[in-house]
Amino acid sequence: MNPKLEAAQPWVELAGRLLIALIFVGAGWSKIGGYAGTQAYMESVGVSGALLPLVIFAELGGGLAIVFGLLTRIAAGGLAVFSIASAVLFHGGADPMQQIMFMKNLAIAGGLLFLVARGAGRISLDHKFFSRA
């Protein structure tokens with residue numbers, strides 16, 4: 001590998017984690033502020049509003065785990081499943097915007113699967129606490 005690319009790799013890994021986690025942290029936080037509206041929307045598509053605390057925990061907890069690189073493979077795997085399920089449940093319509101949202105969720109799941117396969121990288125709590133290097 002090119003030495004400059006090798007030196008930048010940990011920072012690129014960190015930037016990638018931050019960017020992919022941003023959507024989940026933001027979405028989880030916004031659901032807290034718009035709790036009743038989110039619950040009503042979930043119920044309008046046939047998903048129990050009682051699941052909203054779990055959704056918030058998944059988005060905020062999983063997103064923050066990815067930001068800090070803590071249990072990254074588990075968090076990324078869970079959020080990949082969550083993203084695919086959200087695509088199917090909430091963005092399966094024929095409306096072009098819903099189709100874009102569906103594909104966005106699949107793309108995010110793809111990025112998360114890279115985290116499952118590769119891990120958090122060197123600038124992470126996973127590396128600090130669980131690395132054998």
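**What is the relative accessible area of L71?**

The model is predicted, with local features needing pLDDT of at least 70 and side-chain atom pairs pLDDT 80 or more, while totals for chains, interfaces and linings use all residues. Residues are numbered from 1 along each chain as its sequence is written, and side-chain values use heavy atoms, leaving out hydrogens and water.

*Solution.* Start with the value: L71 has a relative accessible area of 47%. Next, apply the classes: buried is under 20% relative accessible area, exposed is over 50%, and partly exposed is in between, with a 1.4 Å probe and protein chains only. L71 therefore counts as partly exposed. Then find its place: L71 sits in the loop between α3 and α4 (72-90). Helices here are DSSP runs of H or I with at least four residues, strands are runs of E with at least two, and both are numbered from the N terminus. Finally, look at the backbone: L71 is not a glycine, yet its phi is positive, at about 50 degrees.

**Exercise 1. Describe the chain as a whole.**

*Solution.* Begin with the secondary structure, which comes to 6 helices and 0 strands. Read from the N terminus, the order is α-α-α-α-α-α. Now take the dimensions: the C-alpha trace spans about 50 × 30 × 20 Å along its principal axes. Then turn to burial, where 32% of the 133 residues count as buried. Last come the contacts (heavy atoms within 4.5 Å). Among those between residues at least 6 apart in sequence, 70% join residues at least 24 apart.

**Exercise 2. Find the salt bridge and place its partners.**

*Solution.* Set the rule: a side-chain nitrogen of Lys or Arg must lie within 4 Å of a carboxyl oxygen of Asp or Glu. The count by this rule is 1 salt bridge. The partners are E59 and K31, whose closest N and O atoms are 3.1 Å apart. This pair links distant parts of the chain, since E59 belongs to helix α3 (residues 52-68) and K31 to helix α1 (residues 3-33), 28 residues apart.

**Exercise 3. Work out how α1 packs on α3.**

*Solution.* Two packed helices are described by the angle between their axes and the distance between the axes. Axes are lines fitted to C-alpha atoms, for helices over the stretch in contact, and angles run from 0 to 180 degrees between N-to-C directions. The axes of α1 and α3 come within 8 Å and cross at roughly 155 degrees. That makes α1 roughly antiparallel to α3; the classes are roughly parallel under 35 degrees, roughly antiparallel over 145, roughly perpendicular from 65 to 115, and oblique for the rest. For handedness, α1 passes α3 in a left-handed crossing, meaning that the near helix is turned anticlockwise from the far one by less than a right angle (clockwise would be right-handed). The contact includes K31 of α1 and E59 of α3, the two salt-bridge partners.

**Exercise 4. Classify the ring pair F129 and F130.**

*Solution.* Ring centres of Phe, Tyr and Trp (its six-membered ring) must lie within 6.5 Å; planes under 30 degrees apart are stacked, over 60 edge-to-face, and the rest tilted. The chain has 2 aromatic pairs by this rule. One of them joins F129 and F130, at 6.5 Å centre to centre with 70 degrees between the planes, and is edge-to-face. To finish, check the surface: F129 is exposed at 52% relative accessibility, and F130 is exposed at 52% too.
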